[in-house]
Each structure stands twice: as C-alpha cells, then as structure tokens.
Amino acid sequence: DPRPLRFTSGSGFILIYIDQLTVHLFLINILFLRTLEESCMLICGDGSSYFPDKFSVTLFLSVAMKSGGTQLKLIMTFQNYGQALFKPMKQTREQETPPDFFYFSDFERHNAEIAAYHLDRILDFRRVPPVTGRLVNMTKEIRDVTRDKKLWRTFFISPANNICFYGECSYYCSTEHALCGKPDQIEGSLAAFLPDLALAKRRTWRNPWRRSYHKRKKAEWEVDPDYCEEVKQTPPYDSGTRLLDIMDMTIFDFLMGNMDRHHYETFEKFGNETFIIHLDNGRGFGKHSHDELSILVPLSQCCRVKRSTHLRLQLLAKEEFRLSALMEESLQTDTLSPILIRPHLEAMDRRLHLVLQVLADCIEKEGYSNVVEDDLLVEGLNTGTAPQR
Ligand SMILES: *[C@@H]1O[C@H](CO)[C@@H](O)[C@H](O)[C@H]1NC(C)=O
Ligand SMILES: *[C@@H]1O[C@H](CO)[C@@H](O)[C@H](O)[C@H]1NC(C)=O
C-alpha cells in the first residue's frame, strides 16, 4: 500500500508515492547526497510527480496547532494530504533579540528557518529538511479551514484593523503577543515534514554541549576546559564521524548565532554511524551585532574538524565565493525575499573568520593531522564518485 511521502522545496511542491523499501534510499538522497530536485529525479524516474512552482499556490485542506511546543506552530495539510510545519512571523527582519532575553525565551523566527536551510546547503551539510517562505491569507487559509475551535477562537481584529490570532502554547500565546497580519496576510516558514515516524523512526540525541536552560546554572562544559576528552570517550562519540558531525553543527550554529541546539536527531534505521539532522533553527539570526563565542566552545575544546568542512570554510572566506554573497544569492530564490537584512549577512562573514581563526590556533597548537580529519579520501574510495557526504 503506497503511502504518500511529501516535502516542499523553495522551488516547488512535490508529492511522491513511495513504499517502505524505497523510503530509506530516498532519505539518503534528500538529506545526504544531492539537491531535492536531483534526488527526486533519481527516485521519480521521469520526474512526472514533480510540479515546480505548484507550491506557492497549493491550498491548505486543514490547519492544526502543533501540540507540545513552547511557541505557536501550525501543521498545514495540503489538499493532496502533504503536510508542512508553519511558523508564523513573530519579529520583523530588522528587530534584534533584546540583550536581556535568554536564549530559551527568544522568539522563533520564520526567516531564520528559511535562512538556515539555505546555509546548510551552502555548507554542503544537507542536514536540514527543505524550508520555504509563504505569504498566507489568515482568514481564507487558516481561520476558515481549521477545525480546531481553540485556534479559531483566538482570531480577532486589532485596533489598526488587522487580523490577528494567537493560538495556544506555553510561551507568547496571548492577546499581548498576538500574530497580526497586514491586514489579513502573514508571512511564515513552511518546513517539509520528514516521513511519518511510523515509517521512519527517529532517534533524538542530547547535544553534549547543551546549555543549562536555567537562569543561573552553568552546564558542565562551561566549567570544565577538558570536557571534550570526556565526550570523546563516550559512545557514539568515541568512533565514526559523530564527533566531527557535532563540530560541523557547532560551526553551523555559530554562523547563525543559534544558542538553542539542545538536541539533534538521526534516523534509527541507519544505526549510530549515520548523518545527523538539524531541525528547529528558528533561534538563529537573532543578533547581527553580536558574535556569541560560547557557541564555538565545542570546536575550541575538541580541536577537530573534517577536511571537507575546513576546505569549504576556506573557500567561503575567499572574495569570489564570499559566504554572504552566496547566501544573498540563494535567498533571493525564496518568495519572501529578502530573507535576511544585510547586517546578518555581513555577520556571517565576520563569524566565518572567527571559526577559521579557532581552527588555525588549534592547528598551530596540535598539528594539522591531529586537528583535520581527512574524510574526503575515504568517502571517495567508498562510493567511487566525487567526494560527498
Ligand atoms: C483573503 O481572503 C479573503 C477571503 O476569506 C478575501 O476576502 C481577501 O481579499 C483575501 N486577502 C487578500 C489580500 O487576498
Ligand atoms: C549506539 O550508541 C549508543 C550510545 O548512545 C550505544 O549505547 C549503543 O551501543 C550504540 N550502538 C551500536 C550498535 O554501536
């Protein structure tokens, strides 16, 4: 009985019927190897089930609130039963996170979700499921199609004659924090749903460098400079590429200023030696005028990096491949462009140099071969193709 597997990309809406056997192959293709379009071609054959440009017009069949989150998120079901996670805009692109806000009470930003997807592709990590922007008509596409009375009841018209709603959640779901349209349209991010958990179970892993999520307490890594030695001896960080994957994740989060990486996920089916998935990137891009150096602590404590990552970072620091320029170009393809204001783009260039500086210091201290792990050679031999991950 084929089940629909569906996801969205910046350029189209895709519906693919796929059976349980091919789902794993498919996942590897999406997240591991190639672009969305290419991976679809591999699986879909002639690409007949790929509809470019359908996405921006595909109607929602129903809308429900996602339970359990701290901030309001909506699950949008399309008319063909595809689903995506909608995070409505809470902050304008110009607003910075107030200095007295903790990382755990910061807003989740829709544009950060979109930008994180593009950054992940530029870094060639391919660990973030596709995310795209969308302008939603709040009455027609949310209020009138939801069967959730609790959500429906939170709609109102503001004194400025804009449509607003707030839903139910544990943070910021009140009249004071209502999400208001202009006058009835609101921006948001739509993130592809990974396959149903019944089909492809995921495992959630605690980030060893997780923050304390407490106003006063410090985490162990903040007080123990040798913390990485401990992590290195603990499975699954004691073998395979997991520790190096965490270093990639650290760099990714530092570039966008995301302090909220408490967990990451893997597909259970693939065991421990598999790629990791970075969901929930909405707390990135909160401050452009500040570089949060504590996010880089795993890198400076461990002094390890994949050669492929190191090479790519060096490339992105060059004038002709400047990270900010590639990001700007990539983000222009989104319907809600511009996604990031210039100071955020420039902050990424500045932070990239800080990452390279940490790595240069590591190499000087410990020697190149103790810091940089040659992943390119091994993967090239295994696959018989160009290096990729
Ligand atoms: C949004 O949908 C309503 C119908 O529910 C329509 O009257 C309104 O014009 C739409 N707004 C825009 C900006 O298209
Ligand atoms: C996978 O990692 C976990 C550590 O969380 C470990 O307990 C388990 O034995 C590992 N599995 C394999 C097959 O190595």
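Strands are DSSP runs of E with at least two residues, numbered from the N terminus. Two strands pair if DSSP finds at least two bridges between them. The model is predicted: local features need pLDDT of at least 70, side-chain atom pairs count only at pLDDT 80 or more, and totals for chains, interfaces and linings use all residues. Residues are numbered from 1 along each chain as its sequence is written, chains are lettered from A and ligands numbered from 1 in the order in which they are written, and side-chain values use heavy atoms, without hydrogens and water.

Five strands build an open sheet. Their order is β4-β5-β6-β11-β7, and the pairing is antiparallel. β4 (60–65) and β7 (131–137) stand at the edges. Each has a single partner strand, so one side of each lacks a neighbour in the sheet. Neighbouring strands are turned against each other by 35 degrees on average, direction ignored; axes are lines fitted to C-alpha atoms, and angles run from 0 to 180 degrees between N-to-C directions. Within the sheet, β5 (residues 74–78) and β6 (residues 83–88) pair over four antiparallel bridges. Thr77 stands opposite Gln83 in β6.

Ligand 1 is surrounded by Asn137, Thr139, Lys140, Asp144, Asp184 and Gln185 (near means a heavy atom within 4 Å). This shell has three polar and three charged residues, and no nonpolar ones. Asp, Glu, Lys and Arg count as charged; Ala, Val, Leu, Ile, Met, Phe, Trp, Tyr, Cys and Pro as nonpolar; the others, Gly among them, as polar.

Two polar contacts (N or O pairs within 3.5 Å) involve side chains of the shell. An oxygen atom of ligand 1 is 2.3 Å from an N or O atom in the side chain of Asn137. A nitrogen atom of ligand 1 is 2.9 Å from an N or O atom in the side chain of Asp184. The protein covers 45% of the 360 Å² of accessible area that ligand 1 has on its own (Shrake-Rupley method, 1.4 Å probe).

Methods. A polar contact is a pair of N or O atoms within 3.5 Å; within protein, one must be able to donate a hydrogen and the other to accept it, and residues adjacent in sequence count only if both atoms are side-chain atoms.
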